[in-house]
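Have the coordinates open as you read.

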Amino acid sequence: MTLQDLILSLHQFWSQQHCILTQPYDTEKGAGTFNPATFLRALGPEPWRAAYVEPCRRPTDGRYGDNPNRLQHYFQYQVVLKPSPADVQDLYLKSLAHLGINPRQHDIQFIQDDWESPTLGAWGLGWEVRLDGMEITQFTYFQEVGGIEVNPVTVELTYGLERIAMYIQGVDHFFDLMWSEGVSYGQIYRESEIQCSTYNFEVADVDMIRDTFDAYERECRRLLEEDLVIPAYDYCMKTSHLFNLLDARGVISVTERTGYIARIRGLARGCAESYEKQRETLGYPLIKSTRQTGQKTNNRAAKSPVPK
Amino acid sequence: MPSNRNASRKPSQTLRRRASRTSVNLNPSRSSKRQSTRLSSSNSVLLLELGTEEIPAFFIQPALQQLAQLTEKFLKGQRLEYESIRPVGSSRRLTVIVSGLAPKQVSVSQEVMGPPQAVAFDQHGVPTKAAIGFASTQAVPVESLQVRETPKGKYVCAVKHETGQKTAEVLRIQLPQIIQQLSFKKSMVWNDSNLRFARPLRWVVALYGNKPIRFEVGGVASGAQTYGHRYLSAPGLKTDARITVTDPSKYEAMMKRHRVIVDPQERRALIQDQVSQLAKSAKGKVYGEHYDELLEQAVYTVEYPHAILGSFDSHFLTLPQEVLITAMKEHQGYFSLIARSSALLPKFITVTNMKLPKMDVIRKGNERVLTARLSDAQYFFQEDRKVSLNDRVERLRGITFHKKLGSLHQKVARLQELVPSIADLAGRGDLKVVCERAAFLSKSDLTTGLVGEFPTLQGVMGREYAKHDGEHADVCAAIGELYLPGTPEGVLPENPVGMFLGLGDRIDTLVAFFTVGMIPSGSEDPFALRRIGYGLIRIIVEKTLRLNLVDLIDNAEQVLKRHDVIPMQDLPNGPILLEFLLERFRFFAKTVHQLRDDMIEAVLGARPTESCDITDLLARIQALQMVAAQPEFSPLIVGYTRANRIVNKEQWRAHQVKAELFEHESEIQLHQAVSQAQPLIMAHVAQQDYRAALMRLLQLKAPIDSFFEGVMVNAADQRIRANRLSLLRTIDQLFLTVADFSRIQH
């Protein structure tokens, strides 16, 4: 199974589970959770089911393409289900079976993982799912997002695409993965790993990034005052990426680090609060539409706050 | 005044009319029906199983304990008689099995005392307002009030009957509450029931005998259906098929058929056995330090344990052993194996939740994961060594020690002064230069990638990187031992520089926190200062270091003051800190050396305020407790206490004893005995041979006793009286050189 077959297969599975196949978001981010399809949609009472591939950037994880298991740019497959269905673990295991990973022939364990994103002001409880000892998925029931307690609870499944593909294909290095028939992951991304690692660790202009961070922060705040929460949140994501770059450059001390994180969290919180308010003003448009599709999920929580 | 009195607990009458009739019943079908009726009306087993998504391993044991306690409390509170409560469970189920549970609550009648008869009824025997009010608060008709004779006279009382309800009914109402009361260290919500639980609750089995108890909790309807092992349940079933429990007393056996071993003890024994077999097959043994923790983790992670042996490439053995062990333990929960030579083997054991005819796929998967983990550790190890510890010191400016207490860089600067001064205090001035270097580099490893990845490797990585940088062997060893003891019972530093460094780091932390007023109180100790203090005490005493705690605190305060990190008020926190440390010392003496409270207090009570050498104090307490076992000891204390009381009462300060004023033979003998003993005892004390000093004191028992038999201290002649008092004071002072004997209980 090539990596793109894997993606297609997950798309097919989750599409059958009534997920909207949203597309990757066009802003740099460290994880699929930052995508507005997760971060913003987890807020408020509206039901939401989405699945998408998310390219993620983690500058500190770069290894110039030398490490078989770490990349500064990689792909997550993200599924969010709100409210969380009662059979979500079963659904997840079925999705693995759909990929040809028969849970009855492997050792699949759900190991405690308390997830927290200090930059997003978000936390949740769940597991890392291990397939024969390898972490392949993060499975999280959100409890707070942007500092706001969520209700109903969103469950987030984050598949590590490369890892699963490596397992299925039996290869030991990312670059040996077959992306499609005849084209390998390394052929597509090796050069990018080398160049971006060099940039992230050695070349990135620290002063420029610090200044840009400040500018983006200001812009985010200004947009929030204008009630333009969607573009404001874009700038929040951008500050997070800039912070990651500074971190990779090794120029921020632990103390400064805490300060930067708090600044980003402040923006994320502002966006979350503002978004919640806007959805309320709009009358929670998604509540009606999903009621019509007649999904077999626990929608009680979603129905209760009737829009005016 | 109404007084509450639980008068009698009468069991409800159980009628067994049926027994006599069974014999005349000839209809077999009816008879079997009757049989089951009879069974269900006698004691039965209650099964409550809370089926969940995987609960964190370390939550389960406490949750089971809680579940058993809540069940016990509930059964007792509801007057439900039972034989035993058995909690069992795993990551997917918390279960409690109650055996021999009675079918009905015990009925009770209770008498509640009310007002005196004279108040409750008027002359004509008509109930007064008092009686009516009392009856209505007790919810009984006023006519039913009775009169009881009590020692205080005649009183009115209300007799209340409570008929026992059917157990099934009580369970239906109360079981949901037990579930709601369970609490976890961290809990969550997942649906609109808003129940808080460690992880979502997905099914509930509640069976009393063969009858399901129906209720709803957390959005789940209870019943008789459970689930077996997620993947291995009965063959042929799809994943996670439902299973019906028909007989709670056969629950455990049935679950085992569905590949769930619900009893943690049984899982533990199984894992222990499998692990030791595998270790033996690998010609090694399991690395011991984390064994218990890893074992418990496995016990509560899997429902059907099956351990396997895996290996990794031996080229990773070039990494420090601790790195490999930590990577295996913390990332993967693997057991490490060591050879007889105690060198690490390139192997590991992991406990899976699967038993397949061929485990190759699972083993290979685990081996690949570990290879990836170790490659990463190797990467960090290589990268970290590109910057020396020396050059990393600057980076400590960015790490906060505590927001009121400056950065780690400032702390290191203090340690550079403090640690050499401690070497001086302990009589090892020769180590000052090495101490300063070790202090300077001591925190640098906190800026390395590997410590970032594995915080528990702090110190250890410092040692490895110091070696790589070519630092002095003592500097390397000292940094490696900085955080020892890591646990209250953990191993201690062996290297003297390591001891001084460890002491310096700890006393600086304590003095700094105490100076800004962050002093532990009650159960509040967010910075674990008690543990830090206890480690400090252990290093000094167990390594028999001779240094004065008063000086140690003073040095640390001076350094802190000079460095001007904190606005130093002239708070007299030194004495509070000393008392805080002595409290840790008391605990140590009590628990580690089984020393008696009064022995400890006797020695601490005789301590001069300006000095506090706890190694010496411990030796004194030990000698005292040993000598106290001698038969003469108790009588000696009697005599001593008498002397001590008189001296204290008179506030006698003079000690000039004049032989010419003695009147009685016993005075002369006591004086001689004391004069002879004194230099010897002082010499023993000077040599810190407290046992010998105490044995010599014991010999004063006879002359002291005959003194009190022979003379009255209160002689008419004031000069004679004064002379006797001075003699007693000499004795008192002599005893005080070893301990304050007046604090000894005898």
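Start in chain B of this predicted model, where strand β16 (residues 335–338) of chain B runs antiparallel to strand β17 (residues 344–352) of chain B, with 3 bridges joining the two. Look across the pair and you'll find S336(B) opposite F348(B) in β17(B).

Two helices pack on the sheet here. Helix α10 (residues 321–332) of chain B touches β16 and β17 of chain B, and its direction makes about 10 degrees with that of β17(B). Helix α11 (residues 360–384) of chain B touches β15 and β17 of chain B, with its direction at about 50 degrees to that of β15(B).

Now zoom out to the whole sheet: it is open, with 4 antiparallel strands in the order β14-β16-β17-β15 (chain B). β14 (285–286) and β15 (306–311) of chain B sit at the edges with a single partner strand each, so one side of each has no neighbour in the sheet.

Further along chain B, have a look at helix α19 (residues 529–542) of chain B and helix α21 (residues 573–593) of chain B: their axes come within 9 Å and cross at roughly 65 degrees. The crossing of α19(B) and α21(B) is right-handed. Residues in this contact include L536(B), I537(B) and V541(B) from α19(B), and F580(B), F585(B) and F588(B) from α21(B). Sorted by type, the residues of the contact of α19(B) with α21(B) come out as 11 nonpolar, 2 polar and 4 charged.

Finally, a word on confidence. Chain A averages a pLDDT of 91, and 93% of the residues score at least 70. Over residues 291–308 of chain A, though, pLDDT stays under 50.

Technical notes: Residues numbered from 1 in each chain as written. Chains lettered and ligands numbered in written order. Predicted model: local features only at pLDDT ≥ 70, side-chain atom pairs only at ≥ 80, totals over all residues. Heavy atoms only, no water. Axes fitted to C-alpha atoms, helices over the stretch in contact; angles between N-to-C directions. Left-handed = near helix turned anticlockwise from the far one by under 90°. Contact = heavy atoms within 4.5 Å. Nonpolar A, V, L, I, M, F, W, Y, C, P; charged D, E, K, R; others polar. pLDDT = per-residue confidence, 0-100. Pairing = 2+ DSSP bridges.
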